[in-house]
Amino acid sequence: MKTILNQEKFQQLLIRWVLVVLPTVLIGYVTLRLVSFSYTSLNTGIISQTVYFTLGITLAYTLYYYGARLAITIVLVWFVYWLFEKAINQLPGEFDVLYANARFLLFSTLFIFGWAFGFLLARIKWSYIIIAALFSVVTLVAISDTIDISLGYILLHLFPAVLYGLYMLFLAPVLDVDIDLSWAKALKLVGRLAAFMILILLAFVITDSLLKGEVKAVEKELAARGAKGKDGSGKKDKDNYDERNGLMERGKGGKGDDGYRLKDTMRVNSKMSQSDKLMFCSKLDNFFPDGEPIPLYFVYHYLTRYDPVKESFTRDVNIPSFDEIEADPTHLPMYYSFTDTSIVRKSLATKFRKIVEAQVYLSENTWKHSVLGPSSVFSIQTIPVEKDFQKTFLSAYKIYAYASELNNAYFVYNISASPMLEPLQDQRHDELRTVRNYRGTDRAVFEYYTQMPTGGIYDSIAQLAQKLAPKDATPVDKVLAVRDYFLQRNENGKRVFRYTLKAGAVDDPNIPSSKMLYDFLFKTHAGYCTYYAGASHFMLRALGIPTRFTTGFATVNRSDKNKGWYWFYASQAHAWTQVYFPGYGWLDFDMTIGNEDQRSAPKPDGTPPLPPPEPWLVLNAKAESVDAEAKKLDAAFRELIYFNNPHQLNKTFTKNVDASLCRVLYHERDTTLAALKPGDSVIIVSYKDEAKKIPQPRAGVAIELQIENFPSPIVADEIHIRAKKKEEKPRNEKGRSAQQQEKKMTWQEMAWMAGKVLVGLLLVILLLPLLYLFYRLVQIALAKDVSAKADHVYRASLYRFHMAGFERETETPLEYAEKTIDPNLHVGFADFMRMYLRLKYSNGVVREGDADTLHQFANKVAASVRAKKGVLKTILNYFNIMRASRYFQTPISSEPETKTL
Amino acid sequence: MTDSIKKLKSLTENIETIIRGKPQQVKYVVTALLAKGHILLEDNPGAGKTVLAKTLAQSISEGVVDFHQAGGGVAFKRIQFTPDLLPMDLIGSYIFDDVKKDFVFKKGPLFTHVLLADEINRASPKVQSALLECMAENQISVGETTFPLDQFFFTIATQNPIEMEGTYPLPAAQLDRFYMKISFGYVTEEVEFDIYTNYLKIGDMKNTVKQVLTYHDIIQLQKEAENVYVHPEIVKAIVRLVQATRNHTEIALGCSTRGGITFIKCLKAWALVNQRDYVIEDDVRALAQPVLHHRMVFRNREASKTALQQIVDAEVNKLAKLGIGMKK
């Protein structure tokens with residue numbers, strides 16, 4: 001008897017596993033996947049994460065089911081922990097303690113979370129609300145850093161959590177009682193569940209399609225910010241590019257036109273790209289007096305902060321004296337420029353400083369939303385790409401940067417690459433030896449750039465570094481000591497450190513990266529640029545030298561034909577170290593050892609694009625009337641750039657423009673003047689040309705007066721039609737604040753969109769009570785015999801009375817009829833109820849008068865409710881969701897503890 | 001069916017001429033009678049307990065008759081319980097007969113059809129148990145002889161709330177013997193006004209309550225009550241209800257199986273009293289308190305008020321949600 005009972009109980013447990021635990025695990029898997037996608041530190045295998053989570057949830061649920069409550073479960077968890085701890089301490093040699101610990105930490109966290117969820121699910125009826133909410137919040141946080149957020153994106157990602165919540169809401173009442181195992185009932189349950197799911201899906205689809213139009217504007221706005229939102233982010237790249245560990249990642253747009261960018265966050269084991277795709281090319285106006293070009297490393301980002309939890313280098317906010325320009329080139333209209341003069345102040349350099357101009361042409365492979373350039377770029381101006389090169393290069397900009405004369409690539413290249421550089425570099429180091437120490441440096445800067453985590457691996461790195469250089473050595477000597485450490489040779493004359501893209505046995509994405517650094521420095525001695533940069537970063541900081549981890553592209557000078565032109569391929573993506581010297585600013589030091597075994601064949605040199613002609617006039621105008629035949633148009637403008645000086649006009653001017661010889665571009669693609677419609681925003685460019693009569697700017701004369709002297713018509717050389725979107729601010733006086741404002745806008749938009757979604761869902765929910773009424777009425781109409789009809793009339797009228805405001809509480813329907821309904825509505829509900837109860841409980845046959853009673857009552861219901869409450873109120877009552885939900889609830893939550901669950 | 005309805009109607013109406021404003025309580029008493037059970041009335045003194053019992057008895061009896069020779073009517077006896085009452089005062093005793101030169105049994109007041117045991121909790125437990133034995137077994141054992149009681153033996157016991165001084169509260173096991181325990185409560189303002197204005201008339205009527213039913217009528221009605229149809233779903237609901245009382249955290253002692261059987265018997269009788277030959281969900285709700293509440297022991301005062309009602313409401317609501325043919 002007992003075993004049978006247990007068997008039944010076990011069957012119930014099995015059913016609950018399938019109905020409750022499995023969906024929770026699934027939703028957990030989906031969320032974990034998303035989170036793992038966003039936070040690389042979780043890269044320890046989604047399957048094993050889910051397994052641990054599942055283990056926790058199932059164990060907790062099962063234990064609770066068999067009567068184990070809080071105390072027992074805590075003791076059990078503690079016991080498991082103790083066992084694990086013991087096991088780790090017993091086997092220190094076998095697998096690394098730290099490695100095991102880090103994994104253990106993650107998995108035990110997941111396990112505990114699973115445990116808590118399992119316990120909650122078993123213990124508290126409505127705990128699924130907490131869990132669903134938690135999953136939604138985690139999902140929202142995980143996707144919130146996506147730039148290209150869109151309604152579809154949010155909906156798509158929130159869908160699982162919401163679905164789960166609604167599913168559990170639907171399921172919760174069923175779980176109260178033992179679930180019948182018969183096939184018919186199981187099938188019915190499955191059918192209902194499926195129908196319910198379809199309903200929710202439908203609701204989502206409807207919401208999506210209903211709001212699509214309204215959201216389009218927002219999406220466009222977002223698209224204008226540089227990324228089109230489509231849910232393609234999950235797709236694996238076709239080029240076998242390992243995005244998790246690569247230095248570069250695909251822009252999240254997924255549309256393909258945003259290209260690769262270097263990651264904002266980088267772990268030590270981030271791999272060099274092996275691809276030989278052309279990323280960009282650049283003309284760098286930096287020459288020795290004898291005309292030999294001076295290459296400079298191109299910086300993408302400074303990763304100033306090291307996150308010891310995620311074990312990765314990341315960008316930071318609130319950095320003292322940060323000299324990275326924050327501008328999105330795609331935001332700047334053609335020929336417009338953005339200058340952040342504060343960079344000059346922030347660059348902290350006074351000696352050997354010069355201004356370098358560079359043109360950067362971005363290929364389709366390159367991320368085009370941030371500025372690439374030699375360190376300390378302070379100004380950027382967008383320029384067009386010459387027509388013949390538009391296939392190769394999508395966009396281009398001109399930059400101005402403060403560069404140190406001590407910072408050219410010849411100085412920076414590690415001498416292992418070419419020993420001939422040694423004497424050249426010594427000059428630089430001699431100069432830098434004048435810096436004796438960091439006394440007098442701004443404390444905030446010094447402390448920010450020398451902080452590093454302590455303990456374990458970091459301490460052993462620090463000890464290693466302190467052994468390398470005497471305490472009183474000059475900073476540059478310390479730097480060189482670290483560099484020489486990497487260059488040391490063993491007794492056989494072989495290099496101790498090697499360059500390899502396959503960093504040996506530790507090439508396992510599951511292993512935390514501090515461990516990899518440790519292995520690199522003390523065991524394998526083999527790695528690629530991030531290893532060298534990461535290790536030297538910590539060693540230098542341990543020696544008290546301000547250092548930052550820099551990502552970008554190593555510059556290789558191989559263009560003899562076109563001096564000053566440099567080509568950058570994906571394989572040149574690089575990471576190195578920048579060291580701060582007071583007075584000299586941030587100087588590059590590349591510690592990475594050259595690959596002695598293998599030298600890649602020189603990449604082909606491209607043909608440099610022609611530099612764009614210098615414009616004398618750029619008008620940011622609105623086309624007023626367009627004559628495509630005569631190739632003339634009228635342009636109204638309030639902004640212009642006149643000999644590179646931007647001006648805001650105090651009134652709108654309208655000028656005739658001759659477009660007969662000009663290029664018309666839309667989205668940086670050539671088109672014809674026919675594409676230009678009146679009302680379009682256009683940028684009209686006119687080149688400096690000997691043949692044109694160009695009015696020279698006169699100092700001290702108001703720009704409005706000078707415009708009067710402009711030739712009419714103005715001969716245009718380029719007309720850029722701007723995609724119809726909200727007017728962008730042409731000039732950002734303060735890049736950072738403008739960007740913040742934009743970001744704020746996005747949040748508002750996001751909130752707005754979320755609101756819309758909510759309203760849509762609410763509308764659907766709001767209509768549900770009415771739909772239920774129709775369902776009931778249809779059932780009445782379809783009923784075959786009197787008893788079936790009576791049944792449906794009974795349910796429908798109970799519902800209608802409830803929705804009319806007469807709520808039945810604990811009384812039986814008959815009492816309700818006698819005491820509440822009939823005194824108020826006079827519909828003869830009690831008579832009907834008596835007949836109904838007789839049919840229901842006496843197994844009785846339908847008597848003669850029954851059909852009449854039924855019809856009389858059924859016909860009176862609607863009229864009497866209307867008479868009592870008024871037509872409008874009767875209808876409005878059906879939108880009272882709270883009331884409707886009360887109808888479907890059991891009036892009182894009795895027997896809270898009677899069931900096993 | 002219509003015949004018995006008429007009879008029941010006349011019985012209740014007859015009682016209600018005296019007992020004003022308490023139709024529910026009158027019905028309960030009649031239900032206990034038809035279910036072949038016994039009833040315990042509990043309330044403060046002066047609520048009309050005794051009058052109700054007496055009126056019921058008078059409605060079906062012809063005054064004091066020897067119940068073995070009962071022709072048309074039934075015998076009615078009343079015992080006022082006091083602390084010094086002895087069991088033999090109830091069941092009778094052997095008395096030496098001078099003529100027969102032998103001990104003869106002199107039957108006590110228990111040998112009757114309708115017994116009014118007034119203020120049962122004033123008697124000592126010894127006396128209470130003597131009464132309860134014959135209520136349960138329908139027989140009286142004295143020495144070696146066992147005297148059967150008539151198949152129609154109906155006890156109406158009254159008691160004052162146990163907080164009152166000088167009482168011996170009935171143990172739970174003995175309370176179980178009573179099919180129902182009801183309390184009276186005070187009447188409404190209008191009824192009270194009616195009683196005060198007509199108290200003379202009512203007082204007169206009390207002594208002249210006419211007999212409306214006979215002994216055979218009662219036996220017939222009891223048989224009919226047993227034939228009332230109880231739908232299997234209602235039986236299932238009662239099973240769930242009884243089980244729930246046993247598993248409830250606030251209830252120390254749940255309902256016994258005997259309690260469940262009694263509940264079904266009472267439901268049938270109640271349905272008949274309400275002029276139906278089938279039991280409906282309302283009956284379950286109406287009878288749960290009087291039939292089940294006194295059988296249980298609650299952990300605290302709060303639970304005593306709410307726990308059972310919650311369980312019953314939940315079960316009744318489940319029943320109400322079923323359709324004809326018991327479809328969900």
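Modeller: B:D3 is partly exposed, at 46% relative accessibility (buried means under 20% relative accessible area, exposed over 50%, partly exposed in between, with a 1.4 Å probe and protein chains only). Please keep in mind that this is a predicted model, where local features need pLDDT of at least 70, side-chain atom pairs count only at pLDDT 80 or more, and totals for chains, interfaces and linings use all residues, while side-chain values use heavy atoms, without hydrogens and water. Residues are numbered from 1 along each chain as its sequence is written, with chains lettered from A and ligands numbered from 1 in the order in which they are written.

The side chain of B:D3 meets that of B:K7 in a salt bridge, 3.4 Å from N to O; the term stands for a side-chain nitrogen of Lys or Arg within 4 Å of a carboxyl oxygen of Asp or Glu. B:D3 and B:K7 are 4 residues apart in helix α1 (residues 2–18) of chain B, so about one helical turn separates them. Helices (H or I, at least four residues) and strands (E, at least two) are DSSP runs, numbered from the N terminus.

Next comes the salt bridge between B:D176 and B:R258, with the closest N and O atoms 2.9 Å apart. This pair links distant parts of the chain, 82 residues apart: B:D176 belongs to the loop between α6 (172–175) and β9 of chain B, and B:R258 to helix α11 (residues 257–273) of chain B. B:D176 is buried at 13% relative accessible area, and B:R258 is partly exposed at 44%.

Two strands pair if DSSP finds at least two bridges between them. Within this pairing, B:I39 stands opposite B:M180. Strand β8 (residues 154–159) of chain B also runs parallel to β1(B), joined to it by 4 bridges, and there B:L40 has B:A157 as its bridge partner. In a regular strand, side chains alternate between the two faces of the sheet. In strand β1 (residues 39–42) of chain B both faces are covered, with B:I39 and B:L41 buried on one side and B:L40 and B:E42 buried on the other.

For chain B as a whole, there are 13 helices and 11 strands. Of its 328 residues, 53% count as buried. Among its contacts (heavy atoms within 4.5 Å) between residues at least 6 apart in sequence, 76% join residues at least 24 apart.

Salt bridges also span the two chains: the count between chain A and chain B is 2. In one between the chains, the side chains of B:E281 and A:K840 meet at 3.5 Å, N to O. The contact takes 30 residues from chain A and 29 residues from chain B. It buries about 2600 Å², with 55% from carbon and sulfur atoms; this is the accessible area (1.4 Å probe) that two parts lose on being put together, summed over both. Over all chains the count comes to 25 salt bridges, and A:D430, A:R433 and A:D477 are linked in a network of them.

Charges also meet rings here. The charged end of A:K869 sits over the ring of A:F806, 5.2 Å from its centre, and B:K107 lies over the face of B:F111, 5.4 Å from the ring centre. The rule asks for NZ of Lys or CZ of Arg within 6 Å of the ring centre and within 35 degrees of the ring normal.
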